[in-house]
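Visitor: I am new to this one. Please pick a single part, go through it closely, and then show me what lies around it.

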Amino acid sequence: MKRELGIARCGLACCLCSENVKCKGCPTDGFLELDWCQDADWCENRKCVLEKKISGCYECQNSDCRKGLFSDKIKPRAFCEFIRRYGMEELLDCLERNEKNGIVYHRQGIMGDYDDFDDVETLLAFIKNGKL
């Protein structure tokens, strides 16, 4: 886990991402200059966060939002809700503990153990307890 990369604006776990070895994490370098990020130009969640002048979707009160990644992905929505309820540090602590206990963020491509859910509350409990 690269804890210093933290959590992306949309709620995804930059700290556990294995996709891009050049990535510095979504929140790095402020919000405006992300020349190293291949997705910065089209990321709908990034644009929304910048417009609202907040650090991430987890600071937005609209938990029913379906913009960008939230349109079809439960993982970022659940991670944002976890931060709203328990805080950023608690999420990072849980993700770190879960990783040490064998829970994998990216098992095959960008899919892993946090992606096999269709209910936010069930995923929140999995994050918190590390068990189904």
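Guide: Start with the naming. A helix here is a DSSP run of H or I with at least four residues, a strand is a run of E with at least two, and the numbering begins at the N terminus. Keep in mind that this is a predicted model. By that naming, the chain has four helices and zero strands. Read from the N terminus, the order is α-α-α-α.

Helix α2 covers residues 74-86, and helix α4 covers residues 120-129. Two packed helices are described by an angle and a distance, both taken between their axes. For α2 and α4, the angle is about 65° and the axes are 9 Å apart. The crossing of α2 past α4 is right-handed.

Now the residues that touch. From α2 come Ile74, Lys75, Arg77, Ala78, Phe79, Glu81, Phe82, Arg85 and Tyr86. From α4 come Val120, Glu121, Leu123, Leu124, Ile127 and Lys128. Sorted by kind, the residues of this contact are nine nonpolar, six charged and no polar.

Lys75 sits in helix α2. Is Lys75 buried or exposed? Its relative accessibility is 5%. The cut-off for buried is under 20%. Lys75 therefore counts as buried. Its side chain has a partner: a polar contact of 3.2 Å joins it to the side chain of Asp115. Set aside residues up to four places away in sequence, and Lys75 touches Leu12, Tyr105, Ile110, Tyr114, Asp115 and Leu123.

Asn98 belongs to helix α3. With a relative accessible area of 1%, Asn98 is buried. Not counting residues up to four places away in sequence, Asn98 touches Ile103, Tyr114, Phe126, Ile127 and Gly130. Ile127 brings us back to α4, where it takes part in the contact with α2. Asn98 and Ile127 stand 29 residues apart along the chain, and 7.6 Å separates their C-alpha atoms.

Step back to the core. In soluble globular proteins, nonpolar side chains tend to be buried together. In this model, the largest nonpolar core has 29 residues. Ile7, Leu95 and Tyr114 have the most contacts inside it. The elements giving two or more residues to this core are α2, α3 (88-100) and α4. The largest share, six residues, comes from α2.

Next, a residue ahead of the helices. Leu16 lies in the segment before α1 (44-52). Its relative accessible area is 11%, so Leu16 is buried. Beyond its neighbours within four places in sequence, Leu16 is in contact with Met1, Leu95, Glu99 and Tyr105.

Cys57 is in the loop between α1 and α2. At 8% relative accessibility, Cys57 is buried. Leaving out neighbours within four places, Cys57 is in contact with Arg9, Cys10, Asn45, Val49, Phe70, Cys80 and Arg84.

Lys53 is exposed, at 74% relative accessible area. Its phi is near 60°, a positive value in a residue other than glycine.

The loop between α3 and α4 holds His106. A relative accessible area of 14% makes His106 buried. Residues up to four places away aside, His106 touches Cys17, Ser18, Glu19, Met111 and Gly112.

Finally, the whole chain. Of its 132 residues, 42% count as buried. Among contacts between residues at least 6 apart in sequence, 49% join residues at least 24 apart.

Key
Residues numbered from 1 in each chain as written. Predicted model: local features only at pLDDT ≥ 70, side-chain atom pairs only at ≥ 80, totals over all residues. Heavy atoms only, no water. Axes fitted to C-alpha atoms, helices over the stretch in contact; angles between N-to-C directions. Left-handed = near helix turned anticlockwise from the far one by under 90°. Contact = heavy atoms within 4.5 Å. Nonpolar A, V, L, I, M, F, W, Y, C, P; charged D, E, K, R; others polar. Buried < 20%, exposed > 50% of the residue type's maximum accessible area, 1.4 Å probe, protein only. Polar contact = N/O pair within 3.5 Å; in protein donor to acceptor, adjacent residues only side chain to side chain. Core = buried A, V, L, I, M, F, W, Y, C linked by side-chain atoms within 4.5 Å.
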